[in-house]
Amino acid sequence: MFDRFRAPWSDRRAERVLGALASLVLVIIALMVIFVAIKAWPTLRHNSVVGWFGFGDEVDVQIANQVNGTSGTGGDAFKLNAGPLIYATILTTALAVVIGLAFALFSAIFIVEFAPPRLRRIIVPVVRLLAAVPSVIYGLIGILVLAPFVNDHVISDSRKRSVEYVVQLSGTSLLVATVILTVMITPIMIAIVTDALYSVPKGWKEGAVALGVNRWRAMWTVSIRAARPAIIAAAVLATARALGEGIMLSMVSGGRGFSPNPLDGITVLFEPLRPLAATIVENVESLNAPAVRSSVYAFALLLLFSSLMLSLGGYLAKQPMKKYGIRV
Amino acid sequence: MRTHDDEMPKVKLPSLQDVMDADPAGSRVPDPVHGALPPPVRRIVLDQPPTVATPAAPQTRAAGAGAAPTPGHGGVRHAGEPGPERMRLDALSVFYDDKAAVKSVDLSIRQGEVLALIGPSGCGKTTLLRTLNRLTELTASARREGRIALDDTDIDELEVTTLRRRVAMVFQQPNPFPMSIFDNVAYALREQSMKRPGKAVIAPHVHDALQRAGLWDEVKDDLDRPALRLSGGQQQRLCIARAIATRPEVLLMDEPCSALDPKSTEVIESLILELRKDLAIVIVTHNLQQAYRVGDHVAFMYLGDLVEYGAAEQVFGAPRAQRTRDYVGGAFG
């Protein structure tokens with residue numbers, strides 16, 4: 001019965017089969033978005049958009065009420081102000097991507113342009129390996145090593161006392177979450193940017209150097225310029241990973257629906273928080289309650305929508321670069 | 001504090017009229033000795049009356065030259081007064097790992113003339129050329145021995161960026177950056193200033209460079225066009241404009257026409273003859289006719305040795321070394 005697959009395929013048949021597969025993927029994604037949106041609808045309907053995205057009563061208390069069915073009846077059962085969770089997601093993701101991108105750019109320039117060949121031969125495979133490390137391992141290191149260290153040696157007792165009437169500082173914090181998240185997403189960015197810089201035509205680099213520009217400037221003005229589409233792609237991919245990271249962040253972020261307050265100065269770094277994905281992970285046990293289920297679907301919808309916007313944003317950002325012949 | 005006025009290359013821009021009026025051949029006299037040689041190649045030239053005053057305008061050359069190895073400058077060789085020496089190579093050797101690519105070469109490169117490096121593939125021409133602006137240093141395995149002087153200063157004593165600003169280079173493959181035409185020419189001008197000069201400051205220099213590279217009339221209407229949309233020949237002239245925009249003293253050309261069609265090659269060759277008035281030009285070429293057309297002096301290299309160096313007529317017409325004779329003869333015979 002497999003004979004018809006073994007025989008050489010005509011292009012026409014290959015086109016139809018591949019087209020069907022690609023369409024299937026699109027259909028599945030569309031169905032998933034629609035399904036999640038329908039499931040998320042109750043919580044979005046009962047809290048106004050401003051209310052749902054905004055800040056209000058403590059979000060952890062609201063979720064606990066949803067779990068226990070103690071938040072009231074009717075629309076009140078769904079009461080949720082997810083602001084702190086959204087804020088936490090934006091904060092950790094943005095910090096990690098910005099720091100990671102800067103780090104990735106400089107590392108990639110070093111690897112491509114300045115590293116001695118012997119070091120390069122070691123560093124490139126190591127970076128690729130790091131990019132493939134499961135995030136839960138980073139989470140484990142964060143919760144077993146970094147968080148206790150921060151708790152014992154970085155946060156002073158007086159600092160703990162200064163905010164104890166609002167929040168308890170225990171090591172798992174914005175700082176640890178950001179550091180671990182940065183470590184997690186940087187290798188993939190280094191790998192992508194390095195590949196992009198390698199593929200910049202040698203003639204451009206040589207041309208710039210021959211004009212009396214040093215290698216650093218040539219890299220910056222010609223190679224990085226030409227590699228901008230890849231840099232954007234790397235940032236988009238890393239942002240998507242950071243947005244969707246649940247397990248690791250639930251381990252190291254402190255697991256409290258708290259909004260770290262920048263007005264606290266340095267202390268803000270040590271305050272706990274909990275991004276959306278981590279919130280989903282932490283509520284898998286209580287999905288029997290319909291209100292919680294709807295809330296969690298709403299978080300998922302928001303994450304889905306963000307990655308969609310992210311891809312679109314990346315695509316739009318690349319368009320102007322096409323004009324001068326940079327390959328996208 | 002360095003202001004950008006200090007940084008901007010102090011150049012007196014020639015007016016358009018100067019460029020038009022300049023007569024490349026007027027100041028040159030035919031070499032009585034070499035001009036009398038009757039080498040087989042020269043016969044084509046000798047059939048024509050020797051012209052001294054005829055300006056070597058690109059149009060006439062384009063019409064009259066055809067495919068024959070006619071000297072581009074109407075048979076008028078630059079041999080009367082050699083220009084001042086700009087670069088001098090003493091016992092220059094270049095090694096890749098332990099393999100010698102260039103073996104103890106002595107050469108001098110003079111202002112106002114074109115030195116053509118010829119020889120079979122792998123003979124070290126390009127390596128020699130890339131040593132002159134220390135571009136070989138980008139290759140980790142390359143090592144150099146001997147002295148190269150630019151205006152009597154050892155190039156090792158110069159800041160490498162300074163050297164490369166004074167000794168510019170055009171590559172085999174046209175390599176305009178993925179930017180607009182304007183930004184390509186402005187690139188070096190901007191990079192050489194501490195403070196990024198504004199477009200208004202740079203525009204006249206860009207105009208001048210494009211004018212001298214013979215590209216201005218073709219691109220003046222849309223300088224914002226992507227450089228990579230130009231034709232191959234235009235791209236190469238853009239690269240020449242980019243290289244000469246900062247007024248270097250020496251221009252190195254590594255087979256600048258090998259990726260171009262004959263028509264573009266012709267345009268670039270006349271450009272070379274035009275440019276040599278205020279530059280010393282070293283050109284590497286596989287094309288012997290081209291070496292003859294544009295070269296004032298020709299250096300023949302073989303397996304890393306400089307076999308023969310002399311005026312173009314002499315090297316092509318009466319080569320001294322047997323190896324040169326074989327190579328040149330093979331080309332024209």
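What is the volume of the second largest pocket? In this predicted model, the second largest pocket has a volume of about 710 Å³.

**View 1. Lining of the second largest pocket.** Glu113(A), Arg215(A), Glu137(B), Leu138(B) and Thr139(B) lie nearest the centre of this pocket, among the 28 residues that line it. By residue class, the lining comprises 14 nonpolar, 4 polar and 10 charged residues.

**View 2. Helices that contribute to the second largest pocket.** From chain A, helix 5 (83-114), helix 6 (117-131), helix 10 (202-210) and helix 11 (215-226) each supply at least two residues of the lining. Helix 7 (160-166) of chain B likewise supplies at least two.

**View 3. Surroundings of Gln236(B).** Gln236(B) belongs to helix 11 of chain B, which spans residues 232-244. With a relative accessibility of 0%, Gln236(B) counts as buried. A polar atom of the Gln236(B) side chain is placed 3.5 Å from the backbone oxygen of Gln172(B). Beyond its neighbours within four places in sequence, Gln236(B) is in contact with Val170(B), Phe171(B), Gln172(B), Gln173(B) and Pro174(B), as well as with Pro256(B), Leu260(B) and Ile268(B).

**View 4. Helix 6 of chain B.** This helix covers residues 125-132 and is largely enclosed by the rest of the structure, because 7 of its 8 residues are buried. The buried residues are Lys125(B), Thr127(B), Leu128(B), Leu129(B), Arg130(B), Thr131(B) and Leu132(B). Helix 6 of chain B is followed by Arg134(B), which has a positive phi near 60 degrees.

Note on methods:
Residues are numbered from 1 along each chain as its sequence is written. Chains are lettered from A and ligands numbered from 1 in the order in which they are written. This is a predicted model: local features need pLDDT of at least 70, side-chain atom pairs count only at pLDDT 80 or more; totals for chains, interfaces and linings use all residues. Side-chain values use heavy atoms; hydrogens and water are left out. On a 1 Å grid over the protein atoms alone, a cavity is a set of points where a 1.4 Å probe fits but cannot get out, and a pocket is an open set with protein on both sides within 12 Å along at least five of seven lines; lining residues have an atom within 4 Å of a point. Grid points are joined across faces, edges and corners, and a volume is the space filled by probe spheres set on the points. Helices (H or I, at least four residues) and strands (E, at least two) are DSSP runs, numbered from the N terminus. Ala, Val, Leu, Ile, Met, Phe, Trp, Tyr, Cys and Pro count as nonpolar, Asp, Glu, Lys and Arg as charged, and the others, Gly among them, as polar. Buried means under 20% relative accessible area, exposed over 50%, partly exposed in between (1.4 Å probe, protein chains only). A polar contact is a pair of N or O atoms within 3.5 Å; within protein, one must be able to donate a hydrogen and the other to accept it, and residues adjacent in sequence count only if both atoms are side-chain atoms. Contact means heavy atoms within 4.5 Å.
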